[in-house]
Amino acid sequence: MKLDLVKFTEIIQGELITPSDEMENIAITGGYVSDLLSDVMGNAKDGQLWITIMRHLNVIAVASLAGIPAIVFARNLKPEAAIIDKAQQEGIALIVSPLTTFEISGLLYRELKLEPTS
Amino acid sequence: MRQWKCDLHIHSVLSPCGSLEMSPTAVIKRACEEKLDVIAITDHNTMANSSVFHRVAEKAGIFCFWGVEIQTMEEIHVIGLFDDEEKAMSFDRELYEALPPIPNDPDYFGDQVVVDDEENIVRCEEKALLNSVMWDLDQTLQSIDDHGGFGFPAHVNATTYSLISQLGFIPPNPLIKALGITAKCNDDEFLAAFPMAARYPLIRNSDAHYLKDIGSGFTVIDMEEPSIAELKRIYAANK
């Protein structure tokens, strides 16, 4: 099950802050939620949508290393311009949503029609 | 130029997690036993005990920096050091404003005790000190520098509350001149795991919360005198 990122951005009342025509080509296959970048580096997987409230510039490098194509910043926490620029250079989509990480995760689960794994 | 044995990360009774035995006289006595020349009292997000420790240390022939262990918005611990009371207190006031007004629960976190030179309890700090201030890493380093201090990320090899645990790797920032490491850090293993850390001098400290741990980690620094100007000179030259 792949995610339609344009539709999902609407579902989470989000705003895409890295305008691009490539949104439809981004394939999201799962999700990862963490604010510790060392944890994301070690455990996030290629193709996952990353939901976080961490806004240091390092998020872009970590996403790039981990193969994360898009990041959702929860609670309307908008990253600074330098981070947006870097994301655009790296081709990583950034979305800001007013919802909490919990709510965004729940909606992502529903959209991906995932079942909890044991 | 001479060598100074420094332990620049020591908690006092003011840190909720610091033992109530960490009073000025007891801490300085232990520092003397460990033959430390220079120390810094670095409580969490406050320098309210720094001046008292500075005076008690001075009488014992030890230089004590005004210090603080700040927890940034990213939950990174950063040490800020000052050698001037006025500058330190000016920074401390801004820092206190940046700390959320959440009351401490002593039963859960521990007591936060401000003391005087005679070890009398002056007051207990009401705000919870074990919290993040509303400054990010860059703002924190910049503010320390703007107030005439010297800042460095604390215990970067630790798996919690460290630059590396929170940000994954060391971000390029010209204000990062040195990296703090824990008393037990194995330098070779650490540098093998994080080669980018080799670009920075390492400052080993005890992070003592108990008297027995004072001096368990230390760094011998070659400088003319213990001062912020000298720390800045030494650590700029090493880069």
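1. Let's start with a helix pair in chain B: α1(B) passes α2(B) in a right-handed crossing. A crossing is called right-handed if the near helix is turned clockwise from the far one by less than a right angle, and left-handed if anticlockwise. Residues from both helices make the contact: Pro24(B), Thr25(B), Val27(B) and Ile28(B) on α1(B), and Val52(B), Phe53(B), Val56(B) and Ala57(B) on α2(B). Contact here asks for C-beta atoms, placed from the backbone, within 7 Å of each other. Sorted by class, seven of these residues are nonpolar, one is polar and none is charged. Nonpolar covers Ala, Val, Leu, Ile, Met, Phe, Trp, Tyr, Cys and Pro; charged covers Asp, Glu, Lys and Arg; the others, Gly among them, are polar.

2. A word on the model before going on. It is a predicted one, in which local features need pLDDT of at least 70 and side-chain atom pairs count only at pLDDT 80 or more, while totals for chains, interfaces and linings use all residues. Residues are numbered from 1 along each chain as its sequence is written, with chains lettered from A and ligands numbered from 1 in the order in which they are written.

3. Back to the geometry of that pair. The axes of α1(B) and α2(B) lie 9 Å apart, at an angle of about 45 degrees; the two helices are therefore oblique to each other. Axes are lines fitted to C-alpha atoms, for helices over the stretch in contact, and angles run from 0 to 180 degrees between N-to-C directions. Under 35 degrees counts as roughly parallel, over 145 as roughly antiparallel, 65 to 115 as roughly perpendicular, and the rest as oblique.

4. Helix α2 of chain B spans residues 50-59, and its buried residues are Ser50(B), Val52(B), Phe53(B), His54(B), Val56(B) and Ala57(B). Buried means 20 or more other C-beta atoms within 10 Å of a residue's own; 12 or fewer is exposed, and in between is partly exposed. The buried residues of α2(B) pack against α1, β2, β3, α3 and β5 of chain B. Just after the helix, Gly61(B) has a positive phi of about 80 degrees.

5. Now the sheet. Chain B has an open sheet of six strands with mixed pairing, in the order β7-β4-β3-β2-β1-β10. Strands are DSSP runs of E of at least two residues, and helices are runs of H or I of at least four, numbered from the N terminus. Two strands pair if DSSP finds at least two bridges between them. At the edges are β7 and β10 of chain B, each pairing on one side only. From one strand to the next, the twist averages 30 degrees.

6. β1(B) and β10(B) pair over five bridges in the antiparallel sense, and Lys5(B) stands opposite Val220(B). β4(B) and β7(B) are antiparallel too, over four bridges, with Gly151(B) as the bridge partner of Gly80(B). From β7(B), Phe150(B) and Phe152(B) point one way and Gly151(B) and Pro153(B) the other, and all are buried.

7. Finally, the chains touch through 10 residues from chain B and 10 residues from chain A. On the chain B side, helix α6 (residues 163-167) gives the largest share, four residues.

Key. Two residues are in contact if their C-beta atoms, placed from the backbone, lie within 7 Å.
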